[in-house]
Amino acid sequence: MGRILSLFMLMLVLFSWSCSEEETRPESSSQLVVEGWIEDGQFPIVILTSSVPVTQTYQNVDSLDQYVIKWAKVTISDETNSVVLMGKVDKKYFPPYVYTTSYLRGKAGHKYKLTVSCEDMYAEAETTIPQPVEVNSLNVIKVPDSIASYKVVADFSDNPFEKNYYKFFVEVYNKEKRFLSSPMGLVDDACLNINSEVLIQPGKRIDGINEYSPYFSVNDTVLVKITQVDPVSYEIWKGFEELSSLSRNPIYMWHENIKTNISGGLGYWCGYGSSISSVIIK
C-alpha cells in the first residue's frame, strides 16, 4: 500500500533488469507495472507506470514522469459488477496519479479481477479480501537511555484453526499523508501463539526529507492498520521485505525480481482485510 514510484515500485522497476554493466540492455522494451490494492470497506487504488530500463545513460529524476501512465482503461470486476476506474491527481501518492472509483467498495470474502488496457499493453490479475482482524491493544514502551523515543507494540489474536498471514501498515497523524508499510511488519502465523505481539516501526518515506528513526516521539498519534492477506499477497510482500533487507548486503546480494501476480506485466494487485487502531504517545 504503497508510493510512486513508491519504494515498492522503485525496487520492482529498477530490479526488473540486472544492474551489472555486462547485462545492461539499453534497448529493452518497457513493461506495464501495476501497483494496486482493495481493502474491506474501502475504494480500490491503482497506480500505473511503465518500467524504467536500467542503462548506462543518466536519467534525471524529473524525467521519470514520462513513465507514469495516465490514459489507461482500468476495470475492476467482482461476482456481480464491473466498474471502470477514473484517473485523477492525488498528492498522497507517488507518483501523484491514481485510478479509483466511488462506485465499488471492497467486501471481505469476495474476489476481485483487475484488467488494464493501454495502447499495446494489457494486464490482468485476481485477488481476494480475507476477513478483517482486530488489534487487541497498542502498548507504548519507552526506549531505554532515550529522552523522547518510544516503541509501539501491537497485541492481537490469531485463530489457531486457520492458516493466516498478516501485514502491518502505520501512519503518524499529521506527519504522513497515508499509511506506509511498517518495516518487518509481515507475519506468517506459523510463528505465532494464539495471543502475539508485533513491533510496529515507522514507515520509511521515499522522499528522504527527514532522517529515519525506528522509534516514535512524544505527542505522536500512531495509527496502526493490521491487514489479513491471502497467500499470494504474502509472497509478494515477503519478496519486497527480503529485497529491502538484503539488496545492500555485499555477501547476500539480491538478483531476483519481486514476485508478481500480474499476468502481462509486473507489480501486484492485493486484497486486504483490514482494521485500524490508534494510540497517542504522552
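Val-279 is buried, at a relative accessible area of 15% (buried is under 20%, exposed over 50%, partly exposed in between, with a 1.4 Å probe and protein chains only). This is a predicted model, where local features need pLDDT of at least 70, side-chain atom pairs count only at pLDDT 80 or more, and totals for chains, interfaces and linings use all residues. Residues are numbered from 1 along each chain as its sequence is written, and side-chain values use heavy atoms, leaving out hydrogens and water.

**Around Val-279**
- You'll find Val-279 in strand E16, residues 266–280 (strands are DSSP runs of E, at least two residues, numbered from the N terminus).
- Leu-138 sits 141 residues away along the chain, yet its C-alpha atom is 6.5 Å from that of Val-279.
- Setting aside neighbours within four places in sequence, Val-279 is in contact (heavy atoms within 4.5 Å) with Leu-138, Val-140, Val-152, Asp-220, Thr-221 and Val-222.

**Around Asp-188**
- Asp-188 belongs to strand E12, residues 180–188, and is buried too, with a relative accessible area of 18%.
- Not counting residues up to four places away in sequence, Asp-188 touches Lys-163, Asn-164, Tyr-165 and Tyr-234.

**A four-stranded sheet**
- Strands of a sheet pair through backbone hydrogen bonds, either parallel or antiparallel.
- Here, four strands make an open sheet, ordered E4-E3-E7-E8, with antiparallel pairing (two strands pair if DSSP finds at least two bridges between them).
- At the edges are E4 (82–84) and E8 (121–128), each pairing on one side only.
- Strand E3 (residues 73–77) runs antiparallel to E4 and is joined to it by three bridges.
- Thr-75 stands opposite Val-84 in E4.
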